[in-house]
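The sequence and structure come first.

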Amino acid sequence: MQKTIAEKLTILSAAAKYDVSCSSSGSRRATPQGGMGNGASMGICHSFTEDGRCISLLKILFSNACRYDCAYCVNRRSNDVPRATFEVDEVVELTLGFYERNYIEGLFLSSGVIRDPDSTMELLVRVAWKLRHVHRFGGYIHLKAIPGASPEWLQRAGEVADRLSVNIEVPSETSLKLLAPDKNYASVYTPMNYIAERKLEYGAGKPSRYTPKFVPAGQTTQMIVGASGESDLQILRLASGFYSGQHLKRVYYSGYIPVNEDKRLPVVTTKPPLLREHRLYQADWLMRFYEFRYDEIVDESSPHLDERFDPKLGWALRHPEFFPVDLNTADYSLILRIPGIGVRSARLIVSGRRFSRVGLDELKKMGVALKRAKYFIYHRELPIGLRTLYPEMLTMRLLAETKTPLQQLSLFDTNLERPAVPALS
Amino acid sequence: MTLLYDDSFDGFLTAVFEAFRLHLPVSRIVSESRYEVSLFDEEPHRIVTDSSSASRVWTGIVQRLDNDRVAMLYGSFLSELTGIEDHLWKYLVRLFREGGAFAANPLAPEVLPLLKAAEAVKREQHRFLGFVRFQKTEEGLLFAEIEPQYDVLLILVGHFRRRYPQKRWAIFDSKRGKGVLCENGEVCEIQIPDFHKGYQGDDFCDLWKQYYNSVTIAERKNLRLMCRELPRKYWAHLPERAERCPVRCPK
């Protein structure tokens, strides 16, 4: 029985929603002659769903008729769920219709593996190619590189897409083999490395505006957190390797939501590890914008992020030798490391102090949050007792200030329990 | 002395021009629509907008400041905050007296209030790049209605003109009763829209609502976060949220 486009949209968007990548940033593609759509390099959010996540792209699967049987995936072969497959023209029509009404920034197209990786990749590329070359569409296109796809199809995908992503899904190879018997690390790393190398190649020399683009917004990946027993150290080390080795733009962390009854996985009643996911994102931000290395955030002696504090505060408490910091003389990179001071505040302080001393009044006027920073900065107007506190005393004090651990974690309404983590070697 | 100008930016610049030309002891510059008569005020002076005077002031500003700061200045004017003209006036007095070097100091008393206002306007402008929702009429016109807190309409136009060069589109700010219409890349201002109000909805609108519902992950429901990112004041013109107005935002 043939499904209507509305039914397919419902099935295939619900099937795609567990992929957390949503950004539409990094592309400056100009509107093609006679066409519609361009890339906004800062990315634009068009709406927010009731779970608080942004909708930027039309995120759908081409098909959820997958022949793989990965334990963590809602679309695995052994699940009894409604299946659907789009036609190329249906996806094109949906994308253009949504785009001209300004509902979306572009298309995020992924798919279950229909016959084999290459024929699936071909379908994705055909959709993107038709948008780009028949409809002269300049909006954002994010394609999923199917693990195991051949270089020829990756090459074609890279020529039409703004961003490609290969999902590593499970942060260690032993767990991946256990949970996803059809996949292995080679099938993930090969396409990832290929894309990274081609992107370097296209950007080498002196690119002009006539140089063809290859994945201008780079590539990303995603890891599921809490479905297998890896520590935060393992996860962050892997992520850090992706940033430096494959030049990934983003690594996404997806707190595992139990969708399948499976003895290899946490039980279905487990709450998703949203707090842990949140802490991982904070750590990720520290690596990307705050000049932290992963081994400064977690190490072998404490392989898990402290769930009570954000990782930056955790680092400051472990390193009292750097504090207190004098805002009027310290380096920008050290000011960035003060808990509670972000990139915006640090920039304001550094440009403001060239003209006058930065005092408490100025900080307040700038809107710098002093709640936590006051323990870590040197200022003559601050009571001396604040900056001579031992880390142990400070920890108690900071904990007391946050009435319940949930208070400062306004991002997520959930309880803090870790999911039952199965023992994996 | 209080100067009154019509609500336009040119009007404000004319007021600045006249204040300099006549050496007026300016105490306040207020737009006519926001001016409230109080008992102890002297009679305010109305300034007649003159575009050539305004452009002379504008040229003077552009010569002394880089593009980012010019944009900051204009952005803070669009915030329509009470008293923002007085901050702008102080800023301009200092600018024309001693040149643009002081503008690099974000902590200067003339700069900080403008910087904050401009940040807020910029934030809303960026939000509306996403929150404008066009509906397609039978004649093929894309029409959107918005009610932004700040007057961001004119700084939205460039983005959509670049994005839809072939389309005929219009955005109408129903809070301020003005709009823009863009045809073949030519933009003109429109005053009263002769379009239907509210969402008529077409097939794509229904598909969009369906999509919106099906990508939500129920296990992660977090209304508080959603309300922070997508404040209620914008819901009325978003088809996917318009019917949910009774939903209350948790504090």
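## Strand 7 of chain A and its neighbours

Q222(A) has Y252(A) as its bridge partner in strand 8 of chain A. Strand 7 (residues 219-225) and strand 8 (residues 250-255) of chain A run parallel and are joined by 6 bridges. Two strands are said to pair if DSSP finds at least two bridges between them. Helices (H or I, at least four residues) and strands (E, at least two) are DSSP runs, numbered from the N terminus. Strand 6 of chain A also runs parallel to strand 7 of chain A, with 2 bridges between them, and S165(A) stands opposite T220(A) in strand 7.

In strand 7 of chain A, 7 of the 7 residues are buried, so the strand is largely enclosed by the rest of the structure. Buried means under 20% relative accessible area, exposed over 50%, and partly exposed in between (1.4 Å probe, protein chains only). Q219(A), T221(A), M223(A) and V225(A) point one way from the strand, while T220(A), Q222(A) and I224(A) point the other way. In a regular strand, side chains alternate between the two faces of the sheet.

## Basis of the model

The model is predicted: local features need pLDDT of at least 70, side-chain atom pairs count only at pLDDT 80 or more, and totals for chains, interfaces and linings use all residues. Residues are numbered from 1 along each chain as its sequence is written, chains are lettered from A and ligands numbered from 1 in the order in which they are written, and side-chain values use heavy atoms, with hydrogens and water left out.

## Chain A as a whole

Chain A has 16 helices and 10 strands. Its radius of gyration is 24 Å, close to the 22 Å that the globule rule gives for 425 residues, so chain A is as compact as a globular protein of that length. That radius is taken over C-alpha atoms, and the rule is 2.2 Å times the number of residues to the power 0.38. The C-alpha trace of chain A spans about 75 × 55 × 40 Å along its principal axes. Of the 425 residues, 58% count as buried.

In helix 4 (residues 151-160) of chain A, the buried residues are W153(A), L154(A), Q155(A), A157(A), G158(A) and V160(A). Their cover includes helix 3 (117-134), strand 5 (140-144), strand 6 (163-165) and helix 6 (185-203) of chain A.

## The sheet in chain B

Chain B holds an open sheet of 3 strands in the order 2-1-3, with parallel pairing. Strand 2 (28-31) and strand 3 (45-46) of chain B are the edge strands, each pairing on one side only. Strand 1 (residues 2-5) and strand 2 of chain B pair over 4 bridges, and T2(B) stands opposite R28(B).

Helix 1 (residues 9-21) of chain B lies across strands 1 and 2 of that chain, at about 145 degrees to strand 1. Angles run from 0 to 180 degrees between N-to-C directions, with axes fitted to C-alpha atoms, for helices over the stretch in contact (heavy atoms within 4.5 Å). Helix 4 (residues 84-98) of chain B lies across the two strands as well, at about 135 degrees to strand 2.

## Nonpolar cores

The largest nonpolar core has 194 residues, and F98(A), Y253(A), I338(A), L363(A), F12(B), Y91(B) and W169(B) have the most contacts inside it. Such a core is a set of buried Ala, Val, Leu, Ile, Met, Phe, Trp, Tyr and Cys residues joined through side-chain atoms within 4.5 Å. Helix 5 (residues 112-131) of chain B gives the largest share of this core, 8 residues. A second, separate core of 6 residues includes L141(B), F143(B), F172(B) and L181(B).
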